[in-house]
Amino acid sequence: MNGDAGVMSAYGGGSSTAAANDDTSLIRPNFKQKFRPTVVQMLIHQVLVNKLAGRVYDSEECSAWTREIADDIRARLKELNLDRYKFVVQVVIGEMRGEGVKMNCRCFWDPDADNLAQDLFTNDSMFCVAAAFGVFYY
């Protein structure tokens, strides 16, 4: 089964209804229009594997890779048709050198409507952490 089809079907095939697009009086997303971390994590994982599998860490290329990965994740999030959401995507690539890395973030948001998803890719030479934040626009 194609992984893209599973992600898109979780949101009703990627199509949105005219009523959902035109209703600006909603103060909370309905269940079908919520940012679902498990679905978005699968999407992020697919992008990371597609972009980084078989690559070796190269400090000269990492800047371009992070931009490509972030742009691809953001474009795929927009395909989910979560019309009232704003997305922030953060991607970090580092070299595997046997050292520990800790990452943390803090956000001020509505826990009922806003959420985040993240995934980690590693191979022998590098690690990549990608996080996508979905913030409902009131």
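Let me begin with Phe 31, which is exposed, with a relative accessible area of 65%; exposed means over 50%, buried under 20%, and partly exposed in between, with a 1.4 Å probe and protein chains only. The model before us is predicted, so local features need pLDDT of at least 70 and side-chain atom pairs count only at pLDDT 80 or more, while totals for chains, interfaces and linings use all residues. Residues are numbered from 1 along each chain as its sequence is written, and side-chain values use heavy atoms, with hydrogens and water left out.

Phe 31 lies in the loop between helix H2 (18–22) and H3. Its C-alpha is 9.8 Å from that of Ala 113, although the two residues are 82 apart in sequence. Ser 25 also has its place in the loop between H2 and H3, and Ser 25 counts as exposed at 58% relative accessibility. From Ser 25 to Tyr 138, the C-alpha distance is 8.9 Å, across 113 residues of sequence.

Let us turn to the whole chain. There are four helices and three strands, arranged along the sequence as α-α-α-α-β-β-β. Helices (H or I, at least four residues) and strands (E, at least two) are DSSP runs, numbered from the N terminus. Of the 138 residues in the chain, 37% are buried. Among contacts with a separation of 6 or more, 78% join residues 24 or more positions apart; a contact means heavy atoms within 4.5 Å.

How do helices H3 and H4 pack? H3 (residues 37–52) and H4 (residues 62–78) pack at an angle of about 145°, and their axes are 10 Å apart. Here axes are lines fitted to C-alpha atoms, for helices over the stretch in contact, and angles run from 0 to 180 degrees between N-to-C directions. The residues that meet include Val 40, Leu 43 and Ile 44 in H3, and Trp 65, Ile 69 and Ile 73 in H4. The residues of this contact divide into 10 nonpolar, one polar and four charged. Ala, Val, Leu, Ile, Met, Phe, Trp, Tyr, Cys and Pro count as nonpolar, Asp, Glu, Lys and Arg as charged, and the others, Gly among them, as polar.

Finally, the core. The largest nonpolar core has 27 residues, and Ile 44, Leu 52, Ile 69, Ile 73 and Ile 93 have the most contacts inside it. H3, H4 and strands E1 (85–95), E2 (115–122) and E3 (126–136) each supply at least two residues of this core. Such a core is a set of buried Ala, Val, Leu, Ile, Met, Phe, Trp, Tyr and Cys residues joined through side-chain atoms within 4.5 Å.
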